[in-house]
Amino acid sequence: QNFGEENNGSSFQIVTRPNDKTKTFESVKEKCQRKGYDLTIESIRKNILDVAGIRIITTFRDDIFKIVERIKSLNDVYFEEGEERDYITTPKSNGYRSYHLIAKVGIHSRHGNALIPIEIQIRSKGMDMWASVEHIVKYKSNNKPGKEIDDMFAEIATIIDDFDQKA
């Protein structure tokens, strides 16, 4: 699928950087423990829907919604009701903004065919920069931030969103 656009006769790319990710076993184990899920194959398949994922980074905020519509129009990708989160229109309380879809994609292996969930995150460069830094500060740093830092992140997220909407 071409994620480019035509604009006044010249084409440009609206996807600046696609990334893929796969959770490590340790990350899946930690998430199961944190959420209170059993550490079984059945429980992981049912509850951990972001073992595999794709992050699509765009230059402009408006391109996010164009990409969502194009992904939804793909014939070999399936979506279930309720597996979509628009954190752009309704950001999380900490300021996090991104668009999340859980897609089911067919895979073929020696064990047979299966539909596996893939988390698709779509965000602008500004949203991605904010989320990357916030994730490091909140989850990877030994120093846990307090309310002042949380408030600062929320304020910065609003500034980035204001810029994204005007760009």
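## The cavity

In this predicted model, the lining of the largest cavity is made up of 5 nonpolar, 2 polar and 3 charged residues. The volume of the largest cavity is about 50 Å³. Searching the whole structure gives 1 cavity of 30 Å³ or more.

The lining of the largest cavity consists of Gly95, Tyr96, Arg97, Gly126, Met127, Trp130, Ala157, Ile160, Asp161 and Asp164. At least two lining residues come from each of α4 and α5. The biggest contribution to the lining of the largest cavity is that of α5, with 4 residues.

## The largest pocket

The volume of the largest pocket is about 1,400 Å³. The largest pocket is lined by 37 residues, and those closest to its centre are Lys23, Lys31, Arg34, Asp50 and Gln121. Two or more lining residues are given by each of these elements: the strands β3 (15-22), β5 (77-86), β6 (99-109) and β7 (112-124), and the helices α1 (25-35), α2 (41-47) and α4 (125-140).

Helix α4 provides the largest share of the lining of the largest pocket, 8 residues. Sorted by class, the lining of the largest pocket holds 19 charged, 9 polar and 9 nonpolar residues.

## The second largest pocket

About 420 Å³ is the volume of the second largest pocket. Its lining has 14 residues, and Ile44, Arg45, Val51, Ile116 and Pro117 are nearest the centre of the second largest pocket. Elements α2, β6 and β7 each give two or more residues to the lining of the second largest pocket.

Strand β7 gives the most to the lining of the second largest pocket, with 4 residues. By class, the lining of the second largest pocket has 12 nonpolar residues, 2 charged residues and no polar ones.

## A nonpolar patch on the surface

Helix α5, which contributes to the lining of the largest cavity, spans residues 147-166 and contains Met152. On the surface, Met152 forms a nonpolar patch with Ile149 and Ile156. Together, Ile149, Met152 and Ile156 have about 220 Å² of accessible area.

Met152 has a relative accessible area of 40%, so this residue counts as partly exposed. A residue in a patch needs over 30% relative accessible area, and Met152 has 40%.

How values were computed. Residues numbered from 1 in each chain as written. Predicted model: local features only at pLDDT ≥ 70, side-chain atom pairs only at ≥ 80, totals over all residues. Heavy atoms only, no water. Patch = residues over 30% accessible without salt bridge, like charges linked within 9 Å, V, L, I, M, F, W, Y side chains within 5 Å. Areas by Shrake-Rupley, 256 points an atom, 1.4 Å probe, with all protein chains shown as cover. Salt bridge = Lys/Arg side-chain N within 4 Å of Asp/Glu carboxyl O. Buried < 20%, exposed > 50% of the residue type's maximum accessible area, 1.4 Å probe, protein only. 1 Å grid on protein atoms, 1.4 Å probe; cavity = no way out; pocket = protein on both sides within 12 Å on 5 of 7 lines; lining within 4 Å. Points joined across faces, edges and corners; volume = space filled by probe spheres on them. Nonpolar A, V, L, I, M, F, W, Y, C, P; charged D, E, K, R; others polar.
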